[in-house]
Every structure is written in structure tokens, then in C-alpha cells.
Amino acid sequence: MNLPLTLSQFLIKQLARHPERDGLVAIISDLSTIGKIISNHTNRAGVVDMIGSAQKMNIQGEEVKKLDVFCNELCKDYLRQTGNFAAMASEEEDEVVDMGEFGKEAKYIIAFDPLDGSHNVEVNLPVGTIFSVQRLLNQFERTDERQFLQPGRDQVLAGYILYSASTVLVFSWGDGVYEFTLDQGLGEFLLTREKMSVPAECAIYSFNEGAYRYLGDKDKKFIDYLKEKKSCSLRYVAAMVADVHRTLIKGGIFLHPAVDKKGTGEYKGKLRLNYEAKPMAYLVEQAGGFCTESKGNLLDLPGESLHQRVPVILGNKDIIEYYLQNNLI
Ligand code: AFP
């Protein structure tokens with residue numbers, strides 16, 4: 001019988017082959033535990049009073065949901081006590097989180113979105129946790145925001161946990177993209193895909209069509225090109241984790257371009273660089289795709305602030321090269 005590797009077996013093998021990855025192996029193991037706990041809570045959200053608003057706004061001016069609070073507290077408390085992180089940044093925290101005594105010996109920092117797409121919970125649609133791990137820069141204090149302004153290229157581990165029909169943990173530490181699926185009965189993540197690669201065909205575009213009217217002319221032209229020339233189908237979950245997961249498996253392109261909703265002539269991106277765009281760009285590049293913020297490779301973009309927002313266009317490399325070269329934007 002050919003049984004898939006459990007995550008623990010996989011990590012033990014990795015450790016034997018790459019002893020230098022010991023810290024990252026521990027981190028993946030910790031994140032998988034968080035994934036199991038959040039999976040359990042999202043599945044039971046309707047019966048444990050976890051649906052709806054926490055009656056507060058985050059620093060981005062967005063309504064915080066009860067599950068956002070739970071997931072953020074869980075990630076913070078659990079990851080702090082592992083001692084693996086010198087500092088932490090979360091979508092739900094205004095500033096860099098101090099690890100105190102726990103982070104003294106740590107070599108890594110982590111940025112995460114504890115529950116991406118949380119508006120989906122009340123309608124029972126997919127949500128996810130996104131994470132990005134980078135090395136601690138010794139020239140700055142641990143809580144210095146500049147720790148998190150490193151370009152995405154310097155990530156040492158990036159990934160997400162998608163809570164959907166199944167719960168999957170997808171990550172890369174620089175040698176391709178792995179997917180592990182949670183077997184709820186066993187309580188184990190099992191290896192279900194390795195060397196994931198964005199398919200060559202671009203049959204799907206993933207974009208909030210309701211925002212078409214707020215795009216700049218060049219972006220509108222590009223969407224028109226996808227519909228007319230490429231005859232793409234439209235799929236959009238509105239949780240980046242789910243839309244990127246589909247893009248990795250089915251191919252195509254995911255777009256969250258800059259919009260001007262107020263009619264001021266100022267076009268702005270919505271997605272957060274540190275815990276949405278950077279980790280997804282890393283995964284997509286590891287899977288042979290490409291991610292741009294509209295001008296170059298998003299992985300080379302230097303950060304400006306902790307909660308910086310950027311436009312994101314990722315997926316099929318050829319189409320994105322066309323987008324950049326033909327100056328459609
Ligand atoms: P939340 O994490 O605040 O629920 O937002 C989800 C998200 O940042 C990202 O996951 C989606 O791709 C994007 O917003 C959807 O935005 P639109 O609804 O504006 O298309």
C-alpha cells in the first residue's frame with residue numbers, strides 16, 4: 001500500500017537532508033498546529049458563537065470579526081511561546097508585536113494574516129491564514145518596523161493554510177511548493193502535492209468585476225484583453241488564499257489592481273504587502289508563475305510601512321509578461 005507521507009515524516013526527512021533548516025522545520029510544525037485549531041473553529045463557527053462582528057475596527061479601517069480576534073490571539077500567543085520568533089506583525093495589530101523574553105534567541109520574524117477573507121465565514125465560504133517568515137536583521141531593534149520592510153525575495157518560508165472543503169497547508173522554503181491536506185480523522189496533515197506548478201494554459205481570470213469601473217484605463221484594457229482575446233472564464237472567491245490556491249492548481253491569473261473609488265485620480269492597491277502579497281508572490285514564483293505590483297517583480301519591491309497596501313497581479317507568467325511588456329497598464 002502506498003500511503004502519503006505525514007507532515008511529521010516529511011519534516012524528519014527534510015531535517016536529515018538539510019540540518020540547517022531545523023528552525024524552519026519547527027516553525028512549519030507550529031503553524032500546522034495552529035492550522036488544526038483554526039480549522040476546527042471555522043468548521044464549528046456557527047455553533048460556538050464565532051460568527052459576526054467583534055464590534056471594532058482594525059488599523060486598516062476594516063470591521064474586525066469575532067473569528068479574526070480568536071485567530072489573532074491564537075497565532076500571537078502560540079507563536080510567542082515557541083521562542084522561534086524575534087518579532088511578529090499581524091493584520092490585526094497596529095504595531096510590531098514584542099516577543100519579550102521569548103524572542104531573545106530567535107533568528108526569525110513572522111508576518112501573518114490570521115484569518116484572510118473573514119467576511120466569508122458567515123456565508124460558509126473559504127478563508128485562510130497567510131504567513132511570511134524572514135531572517136531577523138541584527139542591525140535593527142527586534143521591534144523596529146524596518147525588520148518587516150525587507151523585500152519578499154528574502155523570505156525563507158512562506159505559505160498559507162486554506163480552510164475550505166478540506167484544510168490544506170501550502171508552503172515553500174525555496175525548493176518548490178508543497179501541499180499537505182489535513183485528514184481530520186487522523187489529525188494529521190498528509191502530503192498531497194509537491195513541486196506544484198502553475199499550468200501553462202490561462203483559462204481563468206480572477207478579479208472583482210464590480211471594481212472594473214474604478215480601474216485605470218490601462219487595467220481596463222487588460223481585463224478586456226483577457227475576456228476577448230484569451231476567452232478566460234471568471235472565478236472569484238474574494239478570499240485571496242482560495243483564489244491563489246485555485247490559480248496554483250488550475251492556472252490563470254489573479255488580479256487585485258489599483259483602484260480609484262473616490263474619483264480623485266489617485267489609484268491605490270488594497271492587498272497588504274507583508275502578509276498577503278509577499279508570501280503569495282513567493283509561492284507563485286516557486287511554482288513557475290509571476291507576481292507584479294504593476295511595474296516589476298513584486299518580490300523585489302522594498303517595503304515602505306508595516307501595513308502597506310499594493311496592487312497585485314499574479315499567476316501565469318506569459319500573460320503577466322505580456323501585461324508588462326505591452327504597456328497595457
Ligand atoms: P479580509 O481579510 O479583510 O476579509 O479581506 C480579504 C481580502 O484582503 C483578500 O483576501 C481578497 O482577495 C480581497 O480582500 C477581496 O477584496 P474585494 O472584496 O475588494 O474584491
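Predicted model: local features only at pLDDT ≥ 70, side-chain atom pairs only at ≥ 80, totals over all residues.

Me: Where does the largest pocket lie relative to domain 1 and domain 2?

Reply: Its volume is about 850 Å³. Domain 1 (7-193) gives residues to the lining, and domain 2 (204-324) does too, so the pocket lies between them.

Me: Which element gives the most to the lining of the largest pocket?

Reply: There are 38 lining residues, and Glu-62, His-256, Lys-270, Arg-272 and Arg-309 lie nearest the centre. Elements giving two or more residues include strand S2 (63-65), helix H5 (240-250) and strand S13 (253-256). The top contributor, with three residues, is S5.

Me: Which residue in S5 is the bridge partner of Met-88?

Reply: S5 belongs to an open sheet of eight strands, ordered S4-S3-S5-S6-S7-S8-S9-S10 with mixed pairing. Strand S3 (residues 85-90) runs parallel to S5, and five bridges join them. For Met-88, the partner in S5 is Ile-110.

Me: What angle does the direction of H5 make with that of S7?

Reply: Helix H2 (residues 22-43) lies across several strands, S7 (155-163) among them, and runs at about 20 degrees to S7. H5 packs on the sheet too, touching S5, S6, S7, S8, S9 and S10. Its direction and that of S7 make an angle of about 105 degrees.

Conventions: Residues numbered from 1 in each chain as written. Heavy atoms only, no water. 1 Å grid on protein atoms, 1.4 Å probe; cavity = no way out; pocket = protein on both sides within 12 Å on 5 of 7 lines; lining within 4 Å. Points joined across faces, edges and corners; volume = space filled by probe spheres on them. Helix = DSSP H or I, 4+ residues; strand = E, 2+ residues; numbered from the N terminus. Domains from an automatic or database assignment. Pairing = 2+ DSSP bridges. Contact = heavy atoms within 4.5 Å. Axes fitted to C-alpha atoms, helices over the stretch in contact; angles between N-to-C directions.
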